Amino acid sequence: MYRHSFYPLFFLTILLSSGHFQSVMACYLIPYGLSQFVYGPLSDRIGRRPVLLIGMMVFLVGTLTIQLIPHFAALLAGSFIQGLGTGAGGAMSRTVMRDR
């Protein structure tokens, strides 16, 4: 079973089906993959470090969304935002290796 970092919503596991938690994974993985198409060209234009810092800030916004709003919809939205942020790490890990 997928365990998210949002422990105050843990009591909802009894009320929600496993399909709900699969939607959380989808809300994370889809923007993770698609955002790399944005972060790659952006890092060529403005540099690797600023793009990585932007991605980390976006991830932090998603984490705060999940932590501060105790609703399942916020869990989905926060996971989507976190996926957007971690896409920077995925894109930069391959880009930096090519640079060297």
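**Exercise 1: a helix residue and its burial**

Locate valine 24 among the helices of this predicted model, and decide whether valine 24 is buried or exposed.

Solution. Valine 24 belongs to helix α1, which spans residues 18–46. Its relative accessible area is 1%, and because buried means under 20%, valine 24 is classed as buried. As a further step, take leucine 75, which is 51 residues away from valine 24 in sequence, and find a C-alpha to C-alpha separation of 7.3 Å in space.

**Exercise 2: the largest nonpolar core**

Determine which residues make up the largest nonpolar core, and which helix gives the most to this core.

Solution. The core has five residues, namely Tyr39, Val51, Ala88, Ala91 and Met92. Helix α3, covering residues 72–99, gives the most to this core, with three residues. Turning to alanine 88, and leaving aside residues up to four places away in sequence, one finds that alanine 88 touches Tyr39, Val51, Leu52 and Gly55.

**Exercise 3: a salt bridge and its exposure**

Find the side chains that meet in a salt bridge, and assign an exposure class to aspartate 44 and to arginine 48.

Solution. Side chains of opposite charge can pair when their charged atoms come close. Here the side chains of aspartate 44 and arginine 48 form a salt bridge with an N to O distance of 3.0 Å, and the count comes to one salt bridge. Aspartate 44 has 55% relative accessibility and therefore counts as exposed, whereas arginine 48, at 22%, is partly exposed.

Methods
Residues numbered from 1 in each chain as written. Predicted model: local features only at pLDDT ≥ 70, side-chain atom pairs only at ≥ 80, totals over all residues. Heavy atoms only, no water. Core = buried A, V, L, I, M, F, W, Y, C linked by side-chain atoms within 4.5 Å. Buried < 20%, exposed > 50% of the residue type's maximum accessible area, 1.4 Å probe, protein only. Helix = DSSP H or I, 4+ residues; strand = E, 2+ residues; numbered from the N terminus. Contact = heavy atoms within 4.5 Å. Salt bridge = Lys/Arg side-chain N within 4 Å of Asp/Glu carboxyl O.
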